[in-house]
Amino acid sequence: MSDEEDDIILSELDDEELVQQMMDDLYDGLKEEIEEGVRILLDRGWGPYDILTKPLVGGMTIVGADFRDGILFVPEVLLAANAMKGGMFILKPLLVETGAPTIGKMVIGTVKGDIHDIGKNLVAMMMEGAGFEIVDLGINNAVESYLEAAAKEGADIIGMSALLTTTMPYMKVVIDTMKEQGIREDYIVLVGGAPLNEEFGKAIGADAYCRDAAVAVETAKTYMARKHNRPPAEA
Amino acid sequence: MTNALSRLLETRDWLMADGATGTNLFNMGLSSGDAPEMWNEEHPDRIKKLYSLAVDAGSDLFLTNSFGGNASRLKLHGAEKRAGELSRISAELGRDVADKAGRPVVVAGSVGPTGEIMAPMGPLTHELAVEIFHEQAEGLKAGGADVLWLETISAPEEYRAAAEAFKLADMPWCGTMSFDTAGRTMMGVTSEAMVKMVEKLENPPIAYGANCGVGASDLLRTVLGFSASGVERPIIAKGNAGIPKYEDGHIHYDGTPDLMAEYAIMARDCGATIIGGCCGTMAEHLEKMHEALESRPRGPRPTLEQITEKLGGFSSASDGTGDDANAVPARKSRRRRG
């Protein structure tokens, strides 16, 4: 216990230890420490994209896995995502400046007729935590709302959420419209919500059903890697 | 304390609550996306019909059509200023139906979650949450609700805020949480943790328990978790009629009336005193449940194996209680905090 109680001086750690410590700090939701870690790595000449992908997205992957496995719950995940956001705030302008590849952009909202947004909000927060750009369309979205926003924002992913068994069939309306307009393949379509399941996702022609926010993040990453047809980002 | 629910609990060793509100209202023509609370004003006849369905099926208490009747939820429909009024009407309609029942029937003023995540993680402060719940509580009280009925809560902070608000309104209450994530609430609360939280409240509920969640099996596992605590406070079980399935373009819940009857008996054997249904539970389910509760004898407390045998499997291997409570190693922070 005693040596664990010694304060860790981030700037005294070597790169590898620091990345490891930042992943731990992210897990513990320590925002200030994450911000400090990001600044130290920048000072040491790290590229913003490497900082984003290694300690931050890497750390959030562990958070996501433990959330999926029922070890962490929403409050801890929100804390971690909040710490991640602190780091992202510093990195974002630098990422734009350096023209670094983005992790991905998602428009998300609950479908027409559905006003239950807490699940959608959690997905948005966790996706943001994982480095995705989120355009939150709020509740009660008609097909036009999704498609206009996706086109305007140049989104990679369209995310639809429904809590009601009476509203979930609307997801198919959105996907069918995309097919009619010949734009279905332009986007990754992810669906989620309490009454949905994998069969439903397949039946309506979505790319994937995501059981929870952690699965949504993992699925989005997998599909983005496929979309870019490149291996997951390496240094 | 004298209120209709406590009086019933003094003379009866089980009570039957009602079933689904949303599923029934959709069947009556509610469009998804509309606030069901608007119907209190627009279609009072249909809301009374909803209440009567439960009373006619033998329910000793029913919940008012005010689940989303708080300012935070009504804001989504531009009706945040009408929380008190719409809640009051929902209770008035309930009063009318209950008083004509010819036997004691409790009007329980439904109070659902705000839908917001509470501070510091989210935007909703404790003070504001208390204010929102208090406003709705006063409306339900003015409309003649016998007790208030908090339901589908995930966060202990929100449960506590409601308890405080109900004290301000000087109303007896019941409160259930929804255990839908690996046997815990979305915010990670286990059945064990809920009992501890409830027993620490300055203004504890008459009864506490679980509603909604995943399926009947999961809900009973949660009830077993409550009764294992040995606390005397009556337990509420309000489970869904199975799990919604999507088939050939429409949705149905896979819990049959017979299965729900089995669930009701087992809920009582698990230690629940107030037994009802939630989503998908229609009048035909309630009738079977009532018949079973009336006619069948009590049995020993069922084991987890017996629950899965009769009602189907659990959604997760563990629910974080009992021997499992310490099974998951908490990841150790390497950093000194504060």
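First, a word on conventions: residues are numbered from 1 along each chain as its sequence is written, while chains are lettered from A and ligands numbered from 1 in the order in which they are written. This is a predicted model, in which local features need pLDDT of at least 70 and side-chain atom pairs count only at pLDDT 80 or more, whereas totals for chains, interfaces and linings use all residues.

The term pLDDT is the predictor's confidence in each residue, from 0 to 100. Chain A averages a pLDDT of 89, with 94% of the residues scoring at least 70, and chain B averages 92, with 92% of the residues scoring at least 70. For the model, the scores are ipTM 0.74 and pTM 0.86. Where pLDDT is low, the predicted coordinates should not be read in detail.

Now to the helices, which, like the strands, are DSSP runs numbered from the N terminus (helices are H or I with at least four residues, strands are E with at least two). Two packed helices are described by the angle between their axes and the distance between the axes. The axes are lines fitted to C-alpha atoms, for helices over the stretch in contact, and the angles run from 0 to 180 degrees between N-to-C directions.

In chain A, the axes of helix H1 (residues 15-27) and helix H3 (residues 48-68) come within 8 Å and cross at roughly 45 degrees. That angle makes H1(A) oblique to H3(A), since angles under 35 degrees count as roughly parallel, over 145 as roughly antiparallel, 65 to 115 as roughly perpendicular and the rest as oblique. The crossing of H1(A) and H3(A) is right-handed; a crossing is right-handed if the near helix is turned clockwise from the far one by less than a right angle, and left-handed if anticlockwise. Among the residues making this contact are A:Val19 and A:Met22 of H1(A), and A:Gly58 and A:Gly59 of H3(A). The residues of the contact divide into 10 nonpolar, 2 polar and 1 charged, where Ala, Val, Leu, Ile, Met, Phe, Trp, Tyr, Cys and Pro count as nonpolar, Asp, Glu, Lys and Arg as charged, and the others, Gly among them, as polar.

Helix H4 (residues 74-98) and helix H5 (residues 118-129) of chain A also have axes that come within 8 Å and cross at roughly 45 degrees, and H4(A) and H5(A) are therefore oblique to each other. Is their crossing left-handed or right-handed? The crossing of H4(A) and H5(A) is left-handed. Where they meet, the residues include A:Val77 and A:Met84 in H4(A) and A:Leu122 and A:Met125 in H5(A), and by class the contact has 9 nonpolar, 1 polar and 2 charged residues.

In chain B, the axes of H7(B) and H8(B) come within 8 Å and cross at roughly 50 degrees, so these helices too are oblique to each other, and the crossing is right-handed. One of the residues of H8(B) in this contact is B:Glu164, and by class the contact of H7(B) with H8(B) has 9 nonpolar, 2 polar and 3 charged residues. B:Glu164 is partly exposed, with 18 other C-beta atoms within 10 Å; a residue is buried if 20 or more other C-beta atoms, placed from the backbone, lie within 10 Å of its own, exposed if 12 or fewer, and partly exposed in between.

Finally, some backbone details. Most residues other than glycine have a negative phi, and most peptide bonds are trans. A cis peptide bond, with omega about 5 degrees, joins B:Ala119 and B:Pro120, and B:Pro120 is found in the loop between strand E3 (106-111) and helix H7 (126-142) of chain B. B:Thr152, in strand E4 (residues 147-153) of chain B, has a positive phi near 60 degrees and counts as buried, with 20 C-beta neighbours inside 10 Å. B:Asp170 has a positive phi of about 55 degrees, but this residue is exposed, with 10 other C-beta atoms within 10 Å.

Key: Contact = placed C-beta atoms within 7 Å.
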